[in-house]
Amino acid sequence: MAGIKIEVDDKAVTKALANLAGMDLAEALKGIGETLIDNTRDRLEDGVDVNGKAFAPLSPVTIARKKRNKDKILIGRGDLHRELAYQLVNGGTGLEFGSDRKYAAVHQFGAKQGAFGRSKRNGPIPWGNIPARPFIGLAQQDEDEILDNLTHFIEKQLDAK
């Protein structure tokens, strides 16, 4: 066979790769969860979706019904903002992020009038169609910060071994 063949037997690299395969990801995933909470809260405060686009404006009916934060979209009493959460899944190798608020999905995906049935007084629900305002997801900023945090986490793990 013509050509050149180079073999490298780098025990340090082999050991480092073996260490990566067996590392506990819980610390890294918790850091990712905190990053997602912080960045999502910032986007809610700024009134922008995961792509940095301004949320659809509130309808006059919604503005009239709001008791506080009339100038804020997706922020009323602050429950959605406050109740963002994450949890480790799959034995600590995965992460779920979102909100347990019943109306979070309505805000994320939008809804058509009538999708909620009737009001307590059996009348139509007054606010009509609700446009999608996707506040959950990975923005470019999230991806950049997560990759940076993972790089630091891996470097820390390799230095400790």
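Helices (H or I, at least four residues) and strands (E, at least two) are DSSP runs, numbered from the N terminus, and A26 is found in one of these elements, helix α2. The model described here is predicted, so that local features need pLDDT of at least 70 and side-chain atom pairs count only at pLDDT 80 or more, while totals for chains, interfaces and linings use all residues. Residues are numbered from 1 along each chain as its sequence is written, and side-chain values use heavy atoms, with hydrogens and water left out.

## Overall architecture

The protein chain contains six helices and two strands, and from the N terminus on its elements follow the order α-α-α-α-β-β-α-α. Of its 161 residues, 31% count as buried, where buried means under 20% relative accessible area, exposed over 50%, and partly exposed in between (1.4 Å probe, protein chains only). The chain exposes about 11100 Å², of which carbon and sulfur atoms supply 54%; accessible areas come from the Shrake-Rupley method with a 1.4 Å probe, and for residues only the protein chains shown count as cover. Taking contact to mean heavy atoms within 4.5 Å, 59% of the contacts between residues at least 6 apart in sequence join residues at least 24 apart.

A nonpolar core is a set of buried Ala, Val, Leu, Ile, Met, Phe, Trp, Tyr and Cys residues joined through side-chain atoms within 4.5 Å. The largest such core has 16 residues, and those with the most contacts inside it are L44, F55, L74, L84 and F135. Helix α2, which spans residues 26-46, gives the most to this core, with five residues. When residues up to four places away in sequence are not counted, F135 touches T40, R43, L44, V50, F55, L74, L80, L84, A104, H107 and Q108.

T40 belongs to helix α2 and counts as buried because its relative accessible area is 0%. The C-alpha atoms of T40 and F135 are separated by 6.7 Å, although the two residues lie 95 residues apart along the chain. With neighbours within four places in sequence left aside, T40 is in contact with L84, F97 and F135.

T35 also has its place in helix α2, and T35 counts as buried because its relative accessible area is 8%. Beyond residues up to four places away in sequence, T35 touches E145 and N149. A26, at 16% relative accessibility, counts as buried, and, with neighbours within four places in sequence left aside, A26 is in contact with L88 and G92.

N90 lies in the loop between β1 (84-89) and β2 (94-99), and N90 counts as exposed because its relative accessibility is 63%. Phi of N90 is near 55°, a positive value in a residue other than glycine.

## The largest pocket

On a 1 Å grid over the protein atoms alone, a cavity is a set of points where a 1.4 Å probe fits but cannot get out, and a pocket is an open set with protein on both sides within 12 Å along at least five of seven lines; lining residues have an atom within 4 Å of a point. Grid points are joined across faces, edges and corners, and a volume is the space filled by probe spheres set on the points.

The largest pocket holds about 1100 Å³ of space and is lined by 29 residues, of which T62, K66, G76, Y103 and H107 lie nearest its centre. Its lining divides into 12 nonpolar, seven polar and 10 charged residues, where Ala, Val, Leu, Ile, Met, Phe, Trp, Tyr, Cys and Pro count as nonpolar, Asp, Glu, Lys and Arg as charged, and the others, Gly among them, as polar. Helices α3 (60-65), α4 (79-82) and α5 (104-109) each supply at least two residues of this lining, and α4 gives the most, with three residues.

D79 has its place in helix α4 and counts as buried because its relative accessibility is 16%. Leaving out residues up to four places away in sequence, D79 touches R101 and Y103. R77, by contrast, sits in the loop between α3 and α4 and counts as exposed because its relative accessibility is 58%.

| Pair | Apart in sequence | Apart in space |
|---|---|---|
| R77 and K67 | 10 residues | 8.7 Å |
| D79 and R101 | 22 residues | 7.7 Å |
| A26 and G91 | 65 residues | 9.2 Å |
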